[in-house]
Amino acid sequence: MKNTKVTLVPLTADDREQFILDNQWAFKYGAIEEFGKRDDHMDFDGEIISRKTIERCIDSPDSETYRIVVDGRRVGGLILKINKETNHNELEILFVSPEEHTKGIGYGAWLAVEALHPETKVWETCTPYFEKRNIHFYVNKCGFQIDQFWCEYFQPEHEMFEDEKHDPDEGPDEMFRFIKVMKP
């Protein structure tokens with residue numbers, strides 16, 4: 001497996017806006033690759049992931065937000081939600097700039113996350129059903145297992161924020177949930 005050496009650098013206030021724009025572009029790129037320009041999976045602003053969702057993730061009191069840096073260049077980012085009581089943690093967002101795909105950066109970032117939080121018992125994340133690259137990445141590279149498929153027939157049990165509930169004008173309504181058990 002290709003593993004590029006990456007550094008995780010905490011997000012700074014002066015990089016916040018660019019982080020959000022880079023994140024939205026990476027998710028939009030995946031949808032355009034899958035569906036073309038006529039995409040009905042984007043919200044009314046033309047985004048797969050809303051600014052409100054990204055900001056909620058960044059601003060959560062138990063979140064850690066990082067830039068993925070390779071050779072001094074910002075090539076992506078990630079947001080973790082860390083539960084220090086249960087050590088059941090979430091990878092809320094992980095993105096790599098589309099022009100940096102297939103270089104092992106995502107995998108290198110994931111290894112850095114695992115090293116950053118060795119106390120984690122379980123990692124959880126999710127991705128839209130159409131993101132085949134992401135599904136491959138989480139299952140075949142990082143060792144996650146598909147735990148649930150959220151769709152009209154099955155909704156997650158956890159309480160969702162209002163902006164996470166399916167709104168036909170925003171983002172995909174079908175998602176895979178993945179888990180990775182680190183320690184029993």
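**Entry 1: confidence**

pLDDT is the predictor's confidence in each residue, on a scale from 0 to 100. I began with it because this is a predicted model, in which local features need pLDDT of at least 70 and side-chain atom pairs count only at pLDDT 80 or more, while totals for chains, interfaces and linings use all residues. Residues are numbered from 1 along each chain as its sequence is written, and side-chain values use heavy atoms, with hydrogens and water left out.

I found an average pLDDT of 84 for the protein chain, with 76% of the residues scoring at least 70. Over residues 159–172 pLDDT stays under 50, and the model has 26 contacts (heavy atoms within 4.5 Å) beyond four places in sequence for them. Residues 38–44 also stay under 50, with 21 such contacts. Where pLDDT is low, the predicted coordinates should not be read in detail.

**Entry 2: layout**

I listed 4 helices and 7 strands in the protein chain; these are DSSP runs numbered from the N terminus, helices being H or I of at least four residues and strands E of at least two. From the N terminus the order is β-α-α-β-β-β-α-β-α-β-β. Of the contacts with a separation of 6 or more, 71% are between residues 24 or more positions apart.

I then looked up the surface. The accessible area, by the Shrake-Rupley method with a 1.4 Å probe and with only the protein chains shown as cover for residues, is about 10,100 Å², and carbon and sulfur atoms hold 51% of that. Buried residues are 52% of the 184; buried means under 20% relative accessible area, exposed over 50%, and partly exposed in between.

**Entry 3: nonpolar cores**

I used this rule: a nonpolar core is a set of buried Ala, Val, Leu, Ile, Met, Phe, Trp, Tyr and Cys residues joined through side-chain atoms within 4.5 Å. The largest core has 25 residues, and I68, L78, L80, L94 and W110 touch the most other members. Two or more residues each come from β2 (63–70), β3 (73–81), β4, α3 (105–116), α4 (132–141) and β7 (175–181). Helix α3 gives the largest share, 5 residues. Apart from this core lies another of 14 residues, among them F19, I49, C57 and I79.

I checked L94 by itself. Beyond four places in sequence, L94 touches F27, I68, G77, L78, A109, F137 and Y138.

**Entry 4: N89**

I placed N89 in strand β4 (residues 88–96). N89 is buried, at 0% relative accessibility. Its side chain makes a polar contact of 2.8 Å with the side chain of T120. A polar contact here is a pair of N or O atoms within 3.5 Å; within protein, one must be able to donate a hydrogen and the other to accept it, and residues adjacent in sequence count only if both atoms are side-chain atoms.

**Entry 5: salt bridges**

I counted 11 salt bridges, each a side-chain nitrogen of Lys or Arg within 4 Å of a carboxyl oxygen of Asp or Glu.

R74 pairs with D15, the closest N and O atoms being 2.7 Å apart. R74 is in strand β3 and D15 in the loop between β1 (7–10) and α1 (16–35), so the bridge ties together parts 59 residues apart in sequence. R74 is partly exposed at 49%, whereas D15 is buried at 5%.

R67 and D22 meet at 2.9 Å, N to O. R67 is in strand β2 and D22 in helix α1, 45 residues apart. R67 and D22 are buried. I noted that D15, D22, R67 and R74 are linked in a network of salt bridges.

E114 and K180 meet at 2.6 Å, N to O.

Conventions. Buried < 20%, exposed > 50% of the residue type's maximum accessible area, 1.4 Å probe, protein only.
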